[in-house]
Amino acid sequence: QMTTDLDSQESALAAAARFELHDPALPEDPYPFYAALREFCPVARSEQHGGHYIVSTYADIDAILHDADRFSSRGVLIPEWNFPLGGLQIPLEIDGEDHRLYRVALANIFSPGRIKRLEPSVRETARRLIGDLVERGGGDLIPGYAAPLAAETFLHTFGLDAGVLSDLVRFKDLLIRGGGDSREALSESSPAILEIFSDLLARRRVESVTGSDVMSDLLRAKFGDRPLTDREILNISVMLMLASLDTTSSALSNMLGYLVENPAKRQQLIDDATIIPNAIEEFLRFEGISANGRLVTKPGMVGDTAVVPGDRVMVLFGSAGRDEARYENADEVDFHRQHIRHLTFGAGPHRCVGMHLARLTLRIALEELHRLAPNYYLAHEQAIERALGHVRGVTRLDVRFADA
């Protein structure tokens, strides 16, 4: 077992050598493993997927994220995968000046003011989903609330019909949850995904580019002094789809999983909804939802370990959030914790472009659930299941609702 008996540098190094994000020993509780890494080998070597370093401390991860010149974002996933359009994901895997210009092109789409205008539709969706669950007396909060809330928000931003959602969800599940054995299925699914966005792009170009949806925005956007190409627009669309459909719903699923198992903490949110924004930041620290890769482009050091061009490095955001050197009582949730500077949205030039939309969705989700149906509990002993991959989250959360 990877997560037990890691009480020496030798045992921690041996576990690190076997480290694989999709290891079935990890999903339920990877944090003892992360703690052993931080204590005994903060920069360790995994021999999986051709070999890569795994970095576990807040300080080392923060330094890597701020040094984009030395640590390239090309190949942000380990194991690597073939992006549907070939090449690199925009702007996720683009470095330097090109990355800056793509971020400028996307700035208006994800500005705080633009995101705030989505609040009424997101809140309406949340209320409808909660109402459906309450009417049934309960159900699985992941497909019944967390996943569709994030998904419908994405569909609304693009103006896509709900009929395409099942294809999109299947594709992102293959990528983020599936591990190495799903790569063939990913390739087979790619043409259908590209067709969805290609058809939408063609419609928007014919209709007009004056609309307020993201595809219309992308048609108006400029990379420097030129319009984005169709290939760039499709690339960005798929990247945004993957981020929206999994990262936000997984973050929410982790929050709901914690709250259903910790009713005293849940009561704090019920009693005072004004603490929800800070609670969200604390949850994002406590349950970091992803791990990303970097490619070394220049010789240097990570902690006490020398790295050379061509080395791959995985940064464990989930470990950074529990780093005792950064956070007092790091394994405890404190909704009143001050100065939470977590790395779940990244840091440096690649800080998450969609973080304002994610925060809006998460805030509304917790506000509406604890206003309309706060008294929920696990339906049975096996009601909660988790998965760990490039994004960690609760995959099953069967609950029942009690009368207030």
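Which helix gives the most residues to the lining of the largest cavity? The legends below take up this question together with other close-up views. The structure is a predicted model, in which local features need pLDDT of at least 70 and side-chain atom pairs count only at pLDDT 80 or more, whereas totals for chains, interfaces and linings use all residues. Residues are numbered from 1 along each chain as its sequence is written, and side-chain values use heavy atoms, with hydrogens and water left out.

View 1. A cavity is, on a 1 Å grid over the protein atoms alone, a set of points where a 1.4 Å probe fits but cannot get out, and lining residues have an atom within 4 Å of a point. Grid points are joined across faces, edges and corners, and a volume is the space filled by probe spheres set on the points. Four cavities of 30 Å³ or more are found by this rule, and the largest cavity holds about 830 Å³ of space. Its lining is made of 42 residues, of which L92, M239, A243, T247 and C352 are the closest to the centre. Helix α11 gives the most to this lining, with seven residues, and the elements that each supply at least two residues also include α4 (96-106), α8 (165-177), β7 (291-296) and α15 (355-372); helices (H or I, at least four residues) and strands (E, at least two) are DSSP runs numbered from the N terminus. The lining of the largest cavity divides into 24 nonpolar, 15 polar and three charged residues, where Ala, Val, Leu, Ile, Met, Phe, Trp, Tyr, Cys and Pro count as nonpolar, Asp, Glu, Lys and Arg as charged, and the others, Gly among them, as polar.

**View 2. The second largest cavity.** About 60 Å³ of space lies in the second largest cavity, whose lining includes L21, Y34, I289, L316, H390 and R392. Six nonpolar residues, five polar ones and one charged residue make up this lining.

**View 3. The second largest pocket.** Two or more lining residues come from each of α5 (112-116), α7 and α11 (230-261), and α7 gives the most, with four residues. The lining of this pocket comprises nine nonpolar, four polar and three charged residues.

**View 4. Aromatic pairs.** Rings of Phe, Tyr and Trp (its six-membered ring) pair if their centres lie within 6.5 Å, and planes under 30 degrees apart count as stacked, over 60 as edge-to-face and the rest as tilted. By this rule there are 12 aromatic pairs, one of which is the tilted pair of F33 and Y34, with 6.1 Å from centre to centre and 45° between the planes. F33 is buried at a relative accessible area of 0%, and Y34 is buried at 5%, where buried means under 20% relative accessible area, exposed over 50% and partly exposed in between (1.4 Å probe, protein chains only). The rings of F154 and F197 have centres 6.5 Å apart and planes at 70°, so this pair is edge-to-face. Because F154 lies in helix α7 (residues 141-158) and F197 in helix α9 (residues 183-207), the pair ties together parts that are 43 residues apart in sequence. Both F154 and F197 are buried. Ring pairs also link F19, Y31, F33 and Y34 into a cluster.

**View 5. The surroundings of F158.** F158 belongs to helix α7 and is buried, with a relative accessible area of 1%. Not counting residues up to four places away in sequence, F158 touches F197, L200, R204, D213, V214, M215, S237 and L240, contact meaning heavy atoms within 4.5 Å. The C-alpha atoms of F158 and L200 are separated by 8.7 Å, although these residues are 42 apart along the chain.

View 6. Most residues other than glycine have a negative phi, and most peptide bonds are trans. The peptide bond joining I78 and P79 is cis, with omega about 5°, and the bond from I90 to P91 is likewise cis, with omega near -5°. H339, in the loop between α14 (317-320) and α15, has a positive phi near 55° and is exposed at a relative accessible area of 74%.

How values were computed:
1 Å grid on protein atoms, 1.4 Å probe; cavity = no way out; pocket = protein on both sides within 12 Å on 5 of 7 lines; lining within 4 Å.
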